[in-house]
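User: I would like to learn how to read a few features of a structural model, one at a time. Could we begin with the metal sites and then turn to the helices?

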Amino acid sequence: MQSALHRNELEVFFQPQVKLADLKCVGLEALLRWKHPDLGYISPDLFIPVAEQQGLIREIGSWVLTTVCHQGSEWLEQGLDFGRIAVNISGIQIRQKDFAKLIENTLKKTGLPADKLELELTESYIMSDVEDNITQLSSLRDLGVHVSIDDFGTGYSSLGYLKQLPVNKLKIDRSFVKDIDTDVDSYIITRSIVALAKAMHLEVIAEGVENQEHSKQLTELGCELVQGFLYSKAIPAEQVKEWLSSSS
Ligand code: C2E
Ligand code: CA
Ligand code: CA
């Protein structure tokens, strides 16, 4: 795993996030890929847990942040309007005492404005050590970076804490979106998350939108932002420009 980073076998792909009303791009989620010389592309679901266990996630995470911020800054220079770039952050990274400083330095070094960066943290990580995380997230908010709670609905959020958390967005987990048109519980949970986000003045996005039925139900529920294979899978950086011009 360590050699993967040093042999330049890691790559960042980007998956567009769009507004349902006009399908315009509002953001890009950065998704890590490991291009193994023999095995081909390996899923981050397989290698991120290994990187965490081996104590490599901070190094890999910093590399992802720098790569993404550089890329975003370059796209801005080219006049591309991608909205925000969202980066997945492991709980181990956010627990670093100097994490906000690392973000601040990365933004400075790459020239990406803070409000172009969004950090995705899973609900289970945030809720596992909520008091400390509130402090960390507040420093990030002070920088002007956006924060989104990933896999929302799976991590037993305490609603009391949710009110205190300096976050901007809830990301409805794919497991609910997948069955939204066939399973009444998934539909009701999704409806509740959209209502909760609105009541708390948070943005809300649904991930894993794969077909017209999903998008129809989400439109009815008033979920305005979506991401999924129906719009685009994660694509290499070189294809982003073309995707943006074909979608606008
Ligand atoms: P995630 O953050 O929940 O990312 C969404 C995953 O769903 C991505 O898988 C994406 O390709 C996939 N996806 C997107 N749209 C659809 C759809 O319509 N249908 C289905 N079935 N899947 C869809 P991916 O890229 O394999 O990433 C898996 C997980 O690995 C991510 O889940 C995230 O937790 C983690 N990950 C990816 N990149 C990074 C990274 O840079 N750092 C960290 N710490 N974790 C990462
Ligand atoms: Ca994510
Ligand atoms: Ca997710």
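This is a predicted model: local features need pLDDT of at least 70, side-chain atom pairs count only at pLDDT 80 or more; totals for chains, interfaces and linings use all residues.

User: Are Asp-150 and Glu-207 buried or exposed, and which ions does Asp-150 bridge?

Analyst: Both Asp-150 and Glu-207 are buried. Asp-150 bridges the calcium ion (ligand 3) and the calcium ion (ligand 2), and these two ions lie 4.2 Å apart.

User: How do helix H3 and helix H5 pack?

Analyst: Two packed helices are described by the angle between their axes and by the distance between those axes. Here helix H3 (residues 57–77) and helix H5 (residues 99–110) pack at an angle of about 35°, with their axes 9 Å apart, and the crossing of H3 and H5 is right-handed. Residues in H3 including Leu-65, Cys-69 and Ser-73 meet residues in H5, among them Phe-99, Leu-102 and Lys-109. By class, the contact of H3 with H5 has six nonpolar, six polar and one charged residues.

User: Why does Val-184 count as exposed?

Analyst: Val-184, which has its place in helix H10 (residues 184–199), counts as exposed because its relative accessibility is 56%, and the cut-off for exposed is over 50%.

How values were computed: Residues are numbered from 1 along each chain as its sequence is written. Chains are lettered from A and ligands numbered from 1 in the order in which they are written. Side-chain values use heavy atoms; hydrogens and water are left out. Donors are N, O and S atoms within 2.8 Å of the metal (3.2 Å for Na, K and Ca); water is not among the atoms, so sites may look incomplete. Buried means under 20% relative accessible area, exposed over 50%, partly exposed in between (1.4 Å probe, protein chains only). Axes are lines fitted to C-alpha atoms, for helices over the stretch in contact, and angles run from 0 to 180 degrees between N-to-C directions. Helices (H or I, at least four residues) and strands (E, at least two) are DSSP runs, numbered from the N terminus. A crossing is left-handed if the near helix is turned anticlockwise from the far one by less than a right angle, and right-handed if clockwise. Contact means heavy atoms within 4.5 Å. Ala, Val, Leu, Ile, Met, Phe, Trp, Tyr, Cys and Pro count as nonpolar, Asp, Glu, Lys and Arg as charged, and the others, Gly among them, as polar.
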